[in-house]
Amino acid sequence: MRLGKITQAAWNRSVRKPLKKKQCTVGKMAWEQKCAELEQQIQRTEQSQKTEQDQKTEQDQKIETGRMTVWSTASAGGKNANVGAYAVIKAAGELASQKVMAEGVSIHAILPEQMQEEDVKHLTDTVGELCKKMNLEICQIQVETSSFVTQMVVTATAVGEKKSTAIREQEMTVAGQELLLCGYAGLEGTLRILDESEEELGTRFVPVFLEKAKLLREKLVLPDQILSVKEQVSDIRQIGSGGILAALWELGEELQTGFDIDFSKIALKQETVEICEFYQLNPYLMTSAGSFLLVTGQSEEVIACLAEQGVSAVRLGCMKDQNARVIKNGEETRYLDRPAADELARWWKEHA
């Protein structure tokens, strides 16, 4: 493909036309217009509400001040055009971690020169199918070719709306609450390796195994599923770069607390275990957007509600009023280390 933005004719063929077939909206609704629409909704909400802030006392835990528009940006790179879908899942999942449902998404894809228009169509098909499933409006898709990249890089920016509050609240106490894993550790990384190296994996695994592994995309947790329990959880964290061990560390840092978990309870798919063994990777250090850590005092209700959504959740352990972040595995007890480099990034470095 030529350098710079793709031609209007190519954009119409490989972006507008495929999305129109999937009944996805794009092009007419620019990113700025979507944000302006959300701002108008906020203004209407504020005007319709009676202001009662002056009547609130100093003992109120928080003061509602209306609603605000929020964004989250995430990127994914690779040679397979499925990376666009992973960028969208991660961006929307980060908003879900703030208990916000993504309403629109803007996508910017940069392709190396050797990629073809068929790759653009594949990108559009996968993103369009996912956004339709997530009821997510595609505000904009920009595609260009650059000599500065050696693989496709897709950046997705998701937008949503949340309550705006002037915080006047006591410190949140999560000690004694349970820590849950929703989804599977290392799953996103496993799927991305499969996308990129199916042929090489075929030298070790039978086709039935690989086809079964591809179906695990359906096990990635979507925002509407995780937000079905937002009222019953104290904190939500999507498992991103560095895997579940990095997410556990970041959670402890954010909440300024410790925990005591059972390492053997961390859910892994067998396909993840075997593919990671093939490449000598640690699945616990592998990116897993589409999987979440939850802190809750209502674990039974949360697990049951997620099960109704078709989502698996398991108890890992409890939050503790201490600094120690303890990991038990059978008779062995150790303390959580600081985050290490992501294993998918290491795999890319070795297989570039």
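1. The lining of the largest cavity is made up of six nonpolar residues, no polar ones and one charged residue. The model is a predicted one, and the points below should be read with that in mind. The residues lining the largest cavity are Ala92, Met101, Ala102, Met134, Leu136, Pro223 and Asp224. Asp224 is charged under the classes used here.

2. The volume of the largest cavity is about 40 Å³. The structure has one cavity of 30 Å³ or more.

3. The second largest pocket holds about 430 Å³ of space. It is lined by 14 residues, and those closest to the pocket centre are Ala85, Glu129, Leu130, Arg217 and Glu218. Two elements, helix H3 (83-97) and helix H4 (117-133), each give two or more residues to this lining. H4 supplies the largest share, four residues.

4. By class, the lining of the second largest pocket has seven nonpolar, two polar and five charged residues. For the largest cavity the corresponding division is six nonpolar, no polar and one charged.

5. Helix H5 (residues 187-201) packs against helix H6 (residues 207-214) at an angle of about 165°, and the two axes are 11 Å apart. H5 is therefore roughly antiparallel to H6, because angles over 145 degrees are placed in that class. The crossing of these two helices, H5 and H6, is left-handed.

6. On the H5 side, the residues that meet H6 are Leu191, Leu194, Glu198 and Leu201. Their partners in H6 are Leu210, Glu211, Ala213 and Lys214. The contact of H5 with H6 divides into five nonpolar, no polar and three charged residues.

7. H5 also packs against helix H9 (residues 270-279), where the axes come within 10 Å and cross at roughly 60°. That angle makes H5 oblique to H9, because it falls in none of the ranges for roughly parallel (under 35 degrees), roughly perpendicular (65 to 115) or roughly antiparallel (over 145). The crossing of H5 and H9 is left-handed.

8. In the contact between H5 and H9, H5 contributes Leu187, Thr190, Ile193, Ser197, Glu200 and Leu201. H9 contributes Glu271, Thr272, Ile275, Phe278 and Tyr279. By class, this contact of H5 with H9 has six nonpolar, three polar and two charged residues.

9. Which residue of H5 meets both H6 and H9? Leu201 is listed in the contact with H6 and also in the contact with H9.

Conventions:
Residues are numbered from 1 along each chain as its sequence is written. This is a predicted model: local features need pLDDT of at least 70, side-chain atom pairs count only at pLDDT 80 or more; totals for chains, interfaces and linings use all residues. Side-chain values use heavy atoms; hydrogens and water are left out. On a 1 Å grid over the protein atoms alone, a cavity is a set of points where a 1.4 Å probe fits but cannot get out, and a pocket is an open set with protein on both sides within 12 Å along at least five of seven lines; lining residues have an atom within 4 Å of a point. Grid points are joined across faces, edges and corners, and a volume is the space filled by probe spheres set on the points. Axes are lines fitted to C-alpha atoms, for helices over the stretch in contact, and angles run from 0 to 180 degrees between N-to-C directions. A crossing is left-handed if the near helix is turned anticlockwise from the far one by less than a right angle, and right-handed if clockwise. Contact means heavy atoms within 4.5 Å.
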